[in-house]
Amino acid sequence: MSGWTEGGLVERIPSGFLPVSIAASSALLPTPAFAHASDRGHVLLLPTGYYLIGGAFAVAISFLVLALLPAASLDRFWRRRLPLFTLGDSARTAISLISFAGFAILVAAGLFGSRDPLSNPLPLVIWTLLWAGITLLQGVFGDLWSWLNPWVGPWRLVSRLLGTSDGGPWRLPGWLGFWPAVVLFFAFAWFELIDPAPDDPARLACAAGLYWLLTFLAMLVFGYRGWSRSGEFLTVFFSMVTRFAPAERDENGRLALCWPAAKLLAAEPLPPSGIAFLLLTLSSVSFDGLSKTFFWLGLFGVNPLEFPGRTAVIGSGSLGLVLTFAMLTAVFLLAVWLGQRLAGSGPPLGQAAGLLVWSIVPIALAYHVAHYLTALLVDGQYALASLSDPFALGWNLFGTADLQVEAGIVAGAESAWWLWNIQAGAIILGHVLAVLVAHGFAWRLHPQPARAALSQFPLTLLMIAYTVFGLWLLATPTVG
């Protein structure tokens, strides 16, 4: 993530992302606080006010154009497909087993390898290649995670040995919905953003290994499909991001190309737990940026020029994470409710919100691009180097151990200019696509064009405000 200071850009490389069923207990253990990887800074002045106005204007114009276009024309636009070829599932188990073996090696490297987060492959692979990289690949190429995840292969082998059914001996109750994934994602976000040392390789290895084991046991009990759709939050998150991808695969394995975000319009309304999950994914990334601003730290009397470390802001950080989610949820539901009132009729609030919340996916993906771009460019190089020597024994397995990391790729005035424009452009484009998707759902909820346009007015105002907020996060003074 990158943020702009008063006169310059201070990069903020996130400390990481990890499923943590042991986040609360591990927080009590005495561990060293590791600094953010790759803290650097450079100065470049840009007319950020024009970007704020331009971003808000672009989203507003998108709303006006869509309000005037015939619904049938846009429907034909979204339905276009370009058939490609058929892709079978025969190799899925083998690829997952390879992924599991790689994960086991990474956990061992975390326990027995270097304690330096920039030399140990575990933090770099999980935080940079998995959370930042795979998310972006899911949004571009479609469902890669169902092939790469380290559970499906081992689960298939063990379930066959035990003679258990695909559904598992027990079933999760329907009312549970996505709530297990919501709880686990919140714990995961807390670990990433609030925990004092999420980059500590040994600490990370314990958390990752325990999460894999508990998830595997849950899949044996409730079935792979049952738990991965309700409780394994990475699978839930990636499956939602996949709906944005311009690649589509039907039930027969036939691949086709479609417009980005087109698959979102075929989605069914999410239950309250699904609404909470999607809003939490966006609010957590937003709070990650907000928590490092001079503005936020000043609210709690912290001098950003003498930042005392993450341990000193655990309380305020935990409060902020909850408040950001609560405020986004309240404002989103209010916008949907006001839209229903303006339209004068329509389905219940729960159904309308369950459909319209899918328009959050392009925004969440855009914030992901803006937030993790510098981490991918720089820490991705550290990951390639560390993978050749996972245990710091002088190996060079892939010929990349001596890779010279080019941190200059994000340094200097020209690089800063390009980074800013890519990040700002991603945020603006994400909100424009969100307006497109929301209008598509509005016509499902309100067949009359006038009512559909009226129903989207409050939500469009929210998206304009969030666009300005996202660009402000890029432009405001930040710590580290």
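Started with the α11 and α12 pair: F233, V236, F237 and M240 of α11 meet G274, F277, L278 and T281 of α12. I count a contact when heavy atoms lie within 4.5 Å. Helices (H or I, at least four residues) and strands (E, at least two) are DSSP runs, numbered from the N terminus.

Ground rules for myself. This is a predicted model, where local features need pLDDT of at least 70, side-chain atom pairs count only at pLDDT 80 or more, and totals for chains, interfaces and linings use all residues. Residues are numbered from 1 along each chain as its sequence is written, and side-chain values use heavy atoms, with hydrogens and water left out.

**Entry 1: α11 on α12**

I looked up the geometry of this pair next. The axes of α11 and α12 (residues 272–290) come within 11 Å and cross at roughly 85°. That makes α11 roughly perpendicular to α12. The axes are lines fitted to C-alpha atoms, for helices over the stretch in contact, and angles run from 0 to 180 degrees between N-to-C directions. On that scale, under 35 degrees is roughly parallel, over 145 roughly antiparallel, 65 to 115 roughly perpendicular, and the rest oblique.

What sort of residues make up the contact of α11 with α12? I get 6 nonpolar, 2 polar and no charged. Here Ala, Val, Leu, Ile, Met, Phe, Trp, Tyr, Cys and Pro are nonpolar, Asp, Glu, Lys and Arg are charged, and the others, Gly among them, are polar.

Then burial. Helix α11 spans residues 233–242 and is mostly covered, with 9 of its 10 residues buried. My cut-offs are under 20% relative accessible area for buried, over 50% for exposed, and partly exposed in between (1.4 Å probe, protein chains only). The buried set of α11 is F233, L234, T235, V236, F237, F238, M240, V241 and T242.

**Entry 2: salt bridges**

How many salt bridges does a search of the whole structure find? It finds 4, taking a salt bridge as a side-chain nitrogen of Lys or Arg within 4 Å of a carboxyl oxygen of Asp or Glu.

E248 is partly exposed at 22% relative accessible area, and R81 is partly exposed at 33%.

R203 and D195 form another salt bridge, 2.8 Å from N to O. Buried or exposed, I asked of R203? R203 is buried at 7% relative accessibility, and D195 is buried at 0%.

D288 and K292 pair up as well, at 2.3 Å, N to O. D288 and K292 are both buried.

**Entry 3: H431**

H431 belongs to helix α17 (residues 413–445) and counts as buried because its relative accessibility is 0%. Where does its side chain reach? To the backbone oxygen of I427, at 2.8 Å. Leaving out residues up to four places away in sequence, H431 touches V59, I363, Y367, M463, Y466 and T467.

**Entry 4: α15**

In α15 (residues 349–356), I find A352, A353, G354, L355 and L356 buried. The buried residues of α15 pack against α12, α14 (314–343), α16 (360–387), α17 and α18 (449–475).

**Entry 5: positive phis**

A261 has phi near 75°, which is positive. A261 lies in the loop between β6 (254–257) and α12, and is buried at 0% relative accessible area. A392 also has a positive phi, near 55°. A392 is in the loop between α16 and α17, and is partly exposed at 47%.

**Entry 6: whole chain**

Of the 480 residues in the chain, 55% are buried. Among contacts between residues at least 6 apart in sequence, 82% join residues at least 24 apart.

Key: Polar contact = N/O pair within 3.5 Å; in protein donor to acceptor, adjacent residues only side chain to side chain.
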